[in-house]
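Subject: Structure for you to look at

Hello,

Here is the structure I promised. Please open it alongside the notes below.

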Amino acid sequence: MSDESTNDGATNEGTAADTTGEDVTAEDVTAEDVRHVAGLARVDLDDDEVDRFTEQFGAILEYFETLDDVPETDAEPDLVNVLRADETREGLRQAEALRNAPETEDGYFKGPRVS
Amino acid sequence: MTAHAVEAHESESERERDREFAAVIGLEVHVQLETSTKVFCGCSTDSATEPNTNVCPTCLGLPGALPTLNEAAVEAALKLGKAIDADVPDRTRFHRKNYYYPDLPKNFQITQYDAPICADGALEVSVEGDSREIAITRAHLEEDPGSLAHARGGRRTSIDAAEYTLVDYNRAGVPLMEIVTEPDFRRPTEVRGFLSKLESVLEYLGIFDADRDGSLRVDANISMVPESEESDEGSIPSDVLETANRTEVKNISSHKGAEKALAYEVTRQRNALQRGREIEQETRHWDESRGVTVSMRTKEAEADYRYFAEADLPPLEVGDWAEEVEIPELPEARRERFEREHGLGREAASKLTSTKAVADFYENLTTEFDSDLAATWVADELLGELNYRDLTTEDVEGRLDEFRRLISLVADGEITEKNATTVLREMLDEGDDPDSIIEANGMGKADDDEVSAAVEATIEANPEAVADYENGEEGAINFLVGQVMQATGGSADPGSVNVMLRERLNG
C-alpha cells in the first residue's frame with residue numbers, strides 16, 4: 001500500500017471534524033469559547049478560571065497541532081460490521097450499579113434538580 | 001371610489017383572504033425496535049419493575065466499557081427501510097451527539113448523523129377516503145436515554161416543584177429508530193392516520209410492540225401559512241415555509257394524543273394569527289390530562305451538539321444486507337389480496353388488515369367459515385364493539401377462541417345474528433364465554449315447534465292485524481313478525497317467521 005491509500009481514512013475524519021463547526025486553532029481560543037464550552041458542560045467558571053482555561057485550552061490544542069507534522073503512515077485495515085448476536089448477557093446487580101454513586105434513593109441514582 | 005379607497009378596499013380583501021390559514025405539520029417519531037437486548041450491549045430490554053437492574057458497564061457509561069452493535073437492531077432498521085422504500089447507503093456509521101443531562105450517563109448519545117441507515121422513503125396514508133403520500137426524510141438508529149423522575153422529600157413531583165432528580169438507566173441503550181417526515185401533513189387527522197399506518201407496518205414487520213410503555217413518542221413541528229399559498233396537491237413553496245414561525249410540540253405518546261395535541265395547536269395558532277398576533281417560535285409541551293399545549297419557557301441555548309464520529313464503532317456496510325433482507329406481506333398488499341381472494345370491499349378489507357393480529361384472525365376464520373360472514377363478524381361486529389369500548393384486539397388477544405365459537409354458532413344457525421350481537425356485547429362487558437351467556441339468557445335459536453306455537457298465538461291475539469293483512473295491507477305482516485319475535489325472545493329467525501306467517505295466513 002502506498003501512502004496515498006490512507007487518504008480514504010483521512011477524508012472520513014475530515015467530514016467528522018466539519019460537523020463540529022469551524023476548526024479552532026491554538027491561537028484562536030478566546031474567553032468566549034471557554035465560557036460557551038463551560039455552559040454546555042454546565043460548569044460555572046469565574047473570570048480567573050476563564051483566563052486560566054483559555055490559556056490551557058490553547059496549550060492543549062497546540063499539542064494536537066504537533067500531530068500535523070507526523071508523516072502519514074499506513075492505516076490498519078479497516079474494520080467493518082462488528083456485530084453482536086441479540087442474546088442477553090448478565091449485567092450488574094442494582095447494588096453494584098449504584099456502588100459508586102455519591103447519592104441514591106430507592107434504587108435510583110440521585111442527582112440535583114434539572115430544568 | 002377614489003383611487004385611495006380602491007387601494008384600501010383591496011388590501012382589506014387581501015387581509016380577509018389571509019385570515020384563512022393552512023396548517024403545515026412535520027413529525028419526528030421515535031419508535032422502539034423490538035429486540036431482546038439493547039442496541040450496544042447485552043442488557044435485556046424487558047421492562048423491569050426495579051430501577052437500574054437492566055444495566056451494565058456499557059449502558060452506564062463506565063470508563064473503558066465499549067459498545068458492540070446488536071445485529072437484530074440493524075436488521076430491524078433495514079426491514080423498515082425496505083417497507084418505506086427508502087434508500088439505504090452502502091456504508092453507514094454512528095456519531096456522538098454531545099449534551100449534558102442526567103438521562104445520558106456518557107454525556108453523549110450514540111446516534112447517526114451524516115449517513116442515516118434509511119433516507120428518502122415514503123408512506124401512503126389514507127384518511128377519509130383520500131390517499132396521500134407522506135415523504136420520510138430519514139430514519140436513523142440510535143440509543144434511548146435513561147428515564148428521569150422528579151422528586152421532593154421522598155415523593156414524586158413535577159419538574160418545576162422538584163428538589164432533586166432520580167435516574168433509572170434501564171431504558172438507556174434501548175434501540176430506537178428516529179423517523180423524520182417532511183412537513184407534508186395539512187390536518188391533524190392525517191397525522192393520526194400516518195401514525196397508525198406506521199405502527200401497523202412496524203407490527204407487520206415484527207419489529208415493534210405497541211403495548212410497550214414508551215414504544216412510540218412523537219414530536220411535531222407546526223406552523224400556519226396563508227391558505228392561498230397551498231397548491232392543489234397540497235404542497236407549499238419552501239420560502240413560505242421558511243418564513244413562517246413554528247412551534248415544536250413535545251411529549252405526544254399516542255395516535256389519539258397526536259391528533260388532539262395538533263388540533264389544539266392549530267386552533268391556538270389560527271386564533272393568534274386572526275387577532276393579528278405573531279406566533280412565537282418555541283417548544284411546547286403537550287399536557288395530555290388537561291388537553292392543552294404549554295410553552296416550555298426554558299431559555300434553551302442554541303443547540304450545540306458537537307457531533308463527531310463514534311470511533312468505538314467501526315462503520316457498517318449494509319448495501320448487500322439491505323438487498324437480501326426479507327420482509328413479510330405488508331398491510332397494503334394484504335388488503336389487496338383480501339379484496340381479490342375473499343371478494344371484500346375496500347373498506348372491509350382495510351379494517352381487516354389494520355393490524356396483523358386482526359388480519360391473521362380473519363384469515364384463519366376463512367379456512368372454516370364463509371368469508372363474507374367472517375368479514376361481517378370481524379370487521380363490523382367485533383371491531384365495532386371493541387372500538388365503542390375503546391379497546392383493541394390486543395386487549396382481547398387471549399379470547400379469540402371465544403369469538404371463533406360465537407361465529408361458529410352463527411354460521412351453524414344455532415343463534416340468530418341479533419342475539420349473537422347481544423352475546424358479543426355481554427362477552428366484552430361481563431367477560432363471560434358465549435355458551436354460558438346463551439344458556440343463562442335462553443338465547444339459543446328457538447326450535448320449529450316453539451316458533452309455530454308463537455305464530456299461532458300471535459295470529460290468535462291480533463285479529464285486527466290479521467284482518468289488515470288479509471285486506472292487502474302489507475305493512476301488517478311486519479307488525480306480526482315483530483310480535484312473534486318478541487314472544488320467542490328474539491331467538492327466532494325473522495325471515496323464516498315472515499314466511500311461516502304468510503303461509504299460514506294465505507293458506
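B:Val225 counts as buried because its relative accessibility is 1%, under the 20% limit for that class. Bear in mind that this is a predicted model. B:Val225 belongs to strand β12 of chain B, residues 216–226. Beyond its sequence neighbours up to four places away, B:Val225 touches B:Glu20, B:Phe21, B:Ala22, B:Val24, B:Ile236, B:Val240 and B:Ala244.

Next, the interface. Chain A puts 37 residues into the contact, and chain B puts in 57. About 3,900 Å² is buried between chain A and chain B, with carbon and sulfur atoms giving 56%. On the chain A side, A:Arg84, A:Asp86 and A:Tyr108 supply 18% of the area that chain A buries against chain B, more than any other three residues.

Polar links cross here too. There are 23 residue pairs in polar contact across the interface of chain A and chain B, both residues being at pLDDT 80 or more. Several elements of chain A each supply at least two residues of the side that touches chain B: α1 (7–18), α2 (31–40), β1 (83–84), α4 (94–98) and β3 (108–112). The largest share comes from β3(A), with 5 residues. The rule finds 1 salt bridge across this interface. B:Arg91 and A:Asp78 form a salt bridge, with 4.0 Å between the closest N and O atoms. There is also a charge over a ring: the charged end of A:Lys110 sits over B:Tyr164, 4.2 Å from the ring centre.

Now the salt bridges as a whole. Over all chains, the search finds 45. One of them joins B:Glu332 and B:Lys197, at 3.3 Å from N to O. B:Glu332 is in helix α7 (331–342) of chain B and B:Lys197 is in helix α3 (188–204) of chain B, so the pair ties together parts 135 residues apart in sequence. B:Glu332 is partly exposed at 27% relative accessibility, whereas B:Lys197 is buried at 17%.

The side chain of B:Arg284 meets that of B:Glu265 in a salt bridge at 3.5 Å, N to O. B:Glu265 lies in helix α5 (255–274) of chain B and B:Arg284 in strand β14 (282–287) of chain B, so this bridge ties together parts 19 residues apart in sequence. B:Glu265 is buried, with a relative accessible area of 0%. B:Arg284 is buried as well, at 8%. B:Arg284 also has a salt bridge with B:Glu282, at 2.6 Å from N to O. Both B:Glu282 and B:Arg284 are buried. Elsewhere, salt bridges with shared partners join B:Glu329, B:Arg334, B:Arg337, B:Glu341, B:Lys356, B:Asp360 and B:Glu363 into one network.

Last, the aromatics. There are 8 aromatic pairs over all chains. The ring centres of B:Phe40 and B:Phe94 are 5.6 Å apart and the planes stand at 90°, so this pair is edge-to-face. The pair links distant parts of the chain, 54 residues apart: B:Phe40 is in the loop between β1 (21–32) and β2 (69–70) of chain B, and B:Phe94 is in the loop between β3 (91–92) and β4 (95–98) of chain B. Both B:Phe40 and B:Phe94 are buried. B:Tyr99, B:Tyr113, B:Tyr305 and B:Tyr307 form one aromatic cluster. The charged end of B:Lys97 sits over the ring of B:Tyr305, 4.3 Å from its centre.

Best wishes

Conventions
Residues numbered from 1 in each chain as written. Chains lettered and ligands numbered in written order. Predicted model: local features only at pLDDT ≥ 70, side-chain atom pairs only at ≥ 80, totals over all residues. Heavy atoms only, no water. Phe/Tyr/Trp six-rings, centres within 6.5 Å; stacked < 30°, edge-to-face > 60°. Helix = DSSP H or I, 4+ residues; strand = E, 2+ residues; numbered from the N terminus. Buried < 20%, exposed > 50% of the residue type's maximum accessible area, 1.4 Å probe, protein only. Lys NZ or Arg CZ within 6 Å of the ring centre and 35° of its normal. Contact = heavy atoms within 4.5 Å. Buried area = accessible area lost by both parts, 1.4 Å probe. Polar contact = N/O pair within 3.5 Å; in protein donor to acceptor, adjacent residues only side chain to side chain.
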